[in-house]
Amino acid sequence: MTIPFSHLGPVPKHFEYSLKEDDFNVTFSGDIVRTKLYEMATLSGEITGRVTLECDLCAESYEEELHETVTFRLTDTPHKRPEGDMGEQDYDIIEVLDGNVDLDEIIISEINAIKYDYHKCEACQ
Ligand SMILES: [Zn+2]
């Protein structure tokens with residue numbers, strides 16, 4: 001699912017979207033609001049559901065409940081970002097280059113980041 005960046009305004013736009021793949025089944029819900037600052041938007045939401053992880057000790061696959069709170073800054077004009085702006089480093093910045101906020105891409109990159117973490121299955125705890 002994509003949300004056109006140009007449709008975002010000062011009134012928070014709520015979204016709720018489910019995505020299922022072989023190794024996860026999640027719902028991504030939250031709000032996106034346009035801020036005046038540097039033509040950026042702020043997305044805050046949560047990704048909940050189940051993800052299949054691989055244990056780093058025994059290599060067994062196992063399912064884990066997911067509850068991730070995420071906040072991103074979105075911008076469609078990255079060149080306007082002033083150099084040396086250290087104020088927003090708490091958030092990941094996503095460049096919306098084709099004019100659409102791609103929720104699938106955000107979900108998949110979050111899940112991949114979780115997978116790259118170190119995991120132990122219950123038996124190995
Ligand atoms: Zn294990």
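Biologist: What makes a residue buried, and what percentage of the 125 residues in the chain is buried?

Modeller: A residue is buried if 20 or more other C-beta atoms lie within 10 Å of its own, exposed if 12 or fewer, and partly exposed in between, with C-beta atoms placed from the backbone. By that count, 21% of the 125 residues are buried. This is a predicted model, in which local features need pLDDT of at least 70 and side-chain atom pairs count only at pLDDT 80 or more, while totals for chains, interfaces and linings use all residues. Residues are numbered from 1 along each chain as its sequence is written.

Biologist: How do you know which elements the chain has?

Modeller: Helices (H or I, at least four residues) and strands (E, at least two) are DSSP runs, numbered from the N terminus. The chain comes to 1 helix and 7 strands, in the order β-β-β-β-β-β-β-α.

Biologist: What makes β2 and β3 a pair?

Modeller: Two strands pair if DSSP finds at least two bridges between them. β2 and β3 have 9 bridges, in the antiparallel sense, so they meet the rule. One of the bridges joins K13 to I32 in β3, and the two strands form a hairpin with 2 residues between them.

Biologist: And how many bridges link β5 and β6?

Modeller: There are 4, in the parallel sense, and L74 has I94 in β6 as a bridge partner.

Biologist: Why are β2 and β6 called edge strands?

Modeller: The open sheet has 5 strands in the order β2-β3-β4-β5-β6, with mixed pairing. β2 (13–21) and β6 (92–95) each have a single partner strand, so one side of each is left without a neighbour in the sheet.

Biologist: Which strands does α1 touch?

Modeller: Helix α1 (residues 103–116) packs on the sheet and touches β2, β3, β4, β5 and β6. Contact requires C-beta atoms, placed from the backbone, within 7 Å. The direction of α1 makes about 50° with that of β4; axes are lines fitted to C-alpha atoms, for helices over the stretch in contact, and angles run from 0 to 180 degrees between N-to-C directions.

Biologist: What makes a set of residues a nonpolar core, and how many residues has the largest?

Modeller: Its members are buried Ala, Val, Leu, Ile, Met, Phe, Trp, Tyr and Cys residues joined through C-beta atoms within 7 Å. The largest such core has 21 residues, and F5, A41, L74, V101 and I107 have the most contacts inside it. β4 gives the largest share, 6 residues.

Terms used
Two residues are in contact if their C-beta atoms, placed from the backbone, lie within 7 Å.
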